[in-house]
Amino acid sequence: MRRVMTLVAMLATSPAWALTATELDVWINSMPQIQGWLDQHEDAMPKTSASMEQGMAAMFQEGIKSLKTSGLYSEFGRKVSAAGFDSVEQWTRVTTEVSLGMLAVEMSEQGGSRDQVKQQLAQLQQMRNAGGMPAEQLDAMETMMRGTLKMMDEMEAVDAADKTLVSGRMAELRQLMQ
């Protein structure tokens, strides 16, 4: 999961068009080297301030901003170009589509329910009204749940063709994310 969050933090845009089989192949083949680069430079980048409550797109924007702020954007651009992508932006689009596609497939496999999360939010409000739990802890739980709802919105918007394409490669993708 750490690798997924690293990827999510590095992304910059929401998906705008369908993922192709060729893009997915290039992405899968290049991710070990790109992930190694990301891991190697993780400490050089400033921490992002975006939260899941703002959605993945905001987190993606923060990741690209971190690359630019740290002076690593050009170096990362060379890395993704050498891997077969036209630009950081193309790599970002493909990574976004793969990541959201994976999450959408996993959500459908696990039967994640928006109603369950909304019910938990209502229970959280009852806990808040009853007192007895620190406000900071309740706030953190609420942020996480609202982030989950936002992520569900994004996953529900994933193109059916992307889900189908990603679904056929889930074993490989899960292996990459370990």
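**Aromatic contacts in a predicted model**

Modeller: In this predicted model, W37 and F76 are both buried.

Colleague: What makes F76 count as buried?

Modeller: The relative accessibility of F76 is 0%. Buried means under 20%, so F76 counts as buried.

Colleague: How many aromatic pairs does a search of the whole structure find?

Modeller: The search finds two aromatic pairs. One of them joins W37 and F76, whose ring centres are 5.0 Å apart.

Colleague: Why is the pair of F76 and W91 called edge-to-face?

Modeller: Its ring centres are 5.0 Å apart and its planes are at 85°. Because an angle over 60 degrees counts as edge-to-face, the pair of F76 and W91 is given that name. F76 lies in helix 4 and W91 in helix 5 (residues 88-110), so the pair ties together parts 15 residues apart in sequence.

Colleague: Is W91 buried or exposed?

Modeller: W91 has a relative accessible area of 0%; the cut-off for buried is under 20%, so W91 is buried. W37, F76 and W91 form one aromatic cluster.

Colleague: What makes the charged end of K68 sit over the ring of Y73?

Modeller: The charged end of K68 is 5.0 Å from the centre of the Y73 ring, and the distance limit is within 6 Å. The charge sits over the ring.

Conventions: Residues numbered from 1 in each chain as written. Predicted model: local features only at pLDDT ≥ 70, side-chain atom pairs only at ≥ 80, totals over all residues. Heavy atoms only, no water. Phe/Tyr/Trp six-rings, centres within 6.5 Å; stacked < 30°, edge-to-face > 60°. Buried < 20%, exposed > 50% of the residue type's maximum accessible area, 1.4 Å probe, protein only. Helix = DSSP H or I, 4+ residues; strand = E, 2+ residues; numbered from the N terminus. Lys NZ or Arg CZ within 6 Å of the ring centre and 35° of its normal.
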